Amino acid sequence: MYNDNPTLDKLKQLDEQKQGEVFELSEADFYDPNYKYFYIESYGCQMNFSDSEIVASILAESGYRPTRQMELSDLILINTCSIREKAEETVRKRLRVFDKVKRNKPGTMVGVLGCMAERLKKKWLEEEKLVDLVVGPDAYRDLPNLLNEVEGGDKGINVILSREETYADISPLRLDSNGVSAFISIMRGCDNMCSFCVVPFTRGRERSRNAFSILAEANDLFERGYREVTLLGQNVDSYKWENPESGESVNFAMLLEMVAKVDPDLRVRFSTSHPKDITDEVLHKMAAYENICKYIHLPVQSGNSRILELMNRTYDRQWYLERIDAIYRIIPDCAVSSDIIAGFCSETEEEHQDTLSMIPLANYSMSYMFFYSERPGTLAARKYPDDIPTEVKKRRLQEIIDIQTQVSFKHNQADIGKVFKVLIEGDSRKSTDDFKGRNSQNKMIVFPKQSPYKTGDYVQVRVTDATSATLIGELVS
Ligand code: SAH
Ligand code: SF4
Ligand code: F3S
């Protein structure tokens, strides 16, 4: 697909020259008035960032090139998230900014993609006059047609959810890439119906992507110099794909092994695991392959069984702790992280204490922590009053953050003196004299550069110091 399209060929060349950093190119050098340009901003989870790369690929096929400068672009896209109210507010603010650009450059098209497009559908076109195009997460193949409609003076909208679409055959155009790590989407949608969550409504039913297309993408990335892939899904443990020819079915543990076998130098990560579904088979595969990273994101949401039931998470505290035990038993050097929600409907102080005590028990290396934000249409919004006052939610969240910070600090301090294999991802944020990279446990390590090492190399690094967020180290010769 890449080869017989001149636009893509050119992009691929640039991609290779700059190790995938298409967006880093200066437009002064490459701006070509013969092309149309698109600018895309992504919000929300990794899945959305991964989808933007599918969108970029579809647009490149229709003669568009990516640009980092929205003022230069013919098409401004925002790939949106609906997970919490705040995410939606951010999008509305950005649309005001885009509107200014549009006024300076009439004819610029503005499109809303992703989960908010799905949630608000036609409302966008009625209420937000500045939006020309609304495209839901399963309708990106329709983008070229919709753009034609917009160019013809109409509005473009397609928010139809699909039971089959996995974009399996589309080779994503890597945006903002360091040329070392990439996401591979292995499934779409979610069937879990956690009561607080909008995702099943915005992304529809769960479906798994053809395992061979996943493998082909991993192989292609490795050949192009990438050294790390993250397999993405809302619930990777329920991955299940049936080979229509042989009738054989591939589960997540099998898929993990297939990707791990691409090359021992290709690191494999995955996200997100669901506590009810993560199997010992997956844990044993992780233990068996050095290149399957020893890191599991296993969101607990709450440490209290009654709240977990209201959340419809279908596991309880004891089940979760048993899974944590299994992880540390089968993979002793594994790091575990979590997502935690403070102040879910009817949560008492005592129940909140159960969440606090979960953090040191599970010994999370880090967590993403939120206070509950009611989402219209969800099970919780329909069934349970959002009755915890905002100040209480915020105070509980702060207590969660404080304990997690302490636990992360201890977790990182325990690494001082250890030597880790680190994949170099590029310059550290603070200094071009330092590299940054991750160890298998997904911890960021910063260390002084030394020749001949470069981005994409594996090096051995000894940890000399640690904060709650980062490890500091030195190369071991
Ligand atoms: N599929 C993943 C989560 C995707 S959403 C999983 O099941 O773990 C990412 C995180 O956002 C969730 O884990 C949850 O902690 C948080 N979240 C989702 N809905 C929320 C809401 N209504 N209010 C606050 N946080 C929410
Ligand atoms: Fe939302 Fe639950 Fe599905 Fe995660 S598993 S996306 S929290 S419904
Ligand atoms: Fe947000 Fe949609 Fe992801 S709601 S978290 S972008 S699946």
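Helices here are DSSP runs of H or I with at least four residues, strands are runs of E with at least two, and both are numbered from the N terminus. Counted that way, the protein chain comes to 16 helices and 21 strands. Its radius of gyration, taken over C-alpha atoms, is 23 Å. That is close to the 23 Å that the globule rule gives for 477 residues, so the chain is as compact as a globular protein of that length. The rule itself is 2.2 Å times the number of residues to the power 0.38.

A word on what you're looking at: this is a predicted model, where local features need pLDDT of at least 70, side-chain atom pairs count only at pLDDT 80 or more, and totals for chains, interfaces and linings use all residues. Residues are numbered from 1 along each chain as its sequence is written, chains are lettered from A and ligands numbered from 1 in the order in which they are written, and side-chain values use heavy atoms, with hydrogens and water left out.

**The chain as a whole**

Along its principal axes, the C-alpha trace spans about 60 × 60 × 50 Å. Of the 477 residues, 56% count as buried, meaning under 20% relative accessible area, with exposed being over 50% and partly exposed in between (1.4 Å probe, protein chains only). The chain exposes about 20,500 Å², and carbon and sulfur atoms supply 50% of that; areas come from the Shrake-Rupley method with a 1.4 Å probe, and for residues only the protein chains shown count as cover. Now for contacts, which are heavy atoms within 4.5 Å. Taking those with a separation of 6 or more, 72% are between residues 24 or more positions apart.

**Around the ligands**

A residue is near a molecule if one of its heavy atoms lies within 4 Å of it. Around ligand 2 that gives C190, N192, M193, C194, F196, C197, V199, P200, Q234, H274 and R313. This shell divides into seven nonpolar, three polar and one charged residues. Here Ala, Val, Leu, Ile, Met, Phe, Trp, Tyr, Cys and Pro count as nonpolar, Asp, Glu, Lys and Arg as charged, and the others, Gly among them, as polar.

Ligand 3 has C45, N48, C81, S82, I83, C115, V199, R203 and Q234 around it. By class, that's five nonpolar, three polar and one charged.

**Cysteines**

With a disulfide taken as a pair of cysteine sulfur atoms within 2.5 Å, the count comes to zero. C293, for one, is in no disulfide: the nearest cysteine sulfur, that of C334, is 9.9 Å away. C293 is buried, with a relative accessible area of 2%. C190, from the shell around ligand 2, is buried too, at 11%.

N312 sits in the loop between helix 12 (305-310) and helix 13 (317-330), and at 29% relative accessibility it counts as partly exposed. S346 isn't a glycine either, yet its phi is positive, about 70 degrees. You'll find S346 in the loop between strand 15 (335-342) and helix 14 (349-362), partly exposed with a relative accessible area of 27%.
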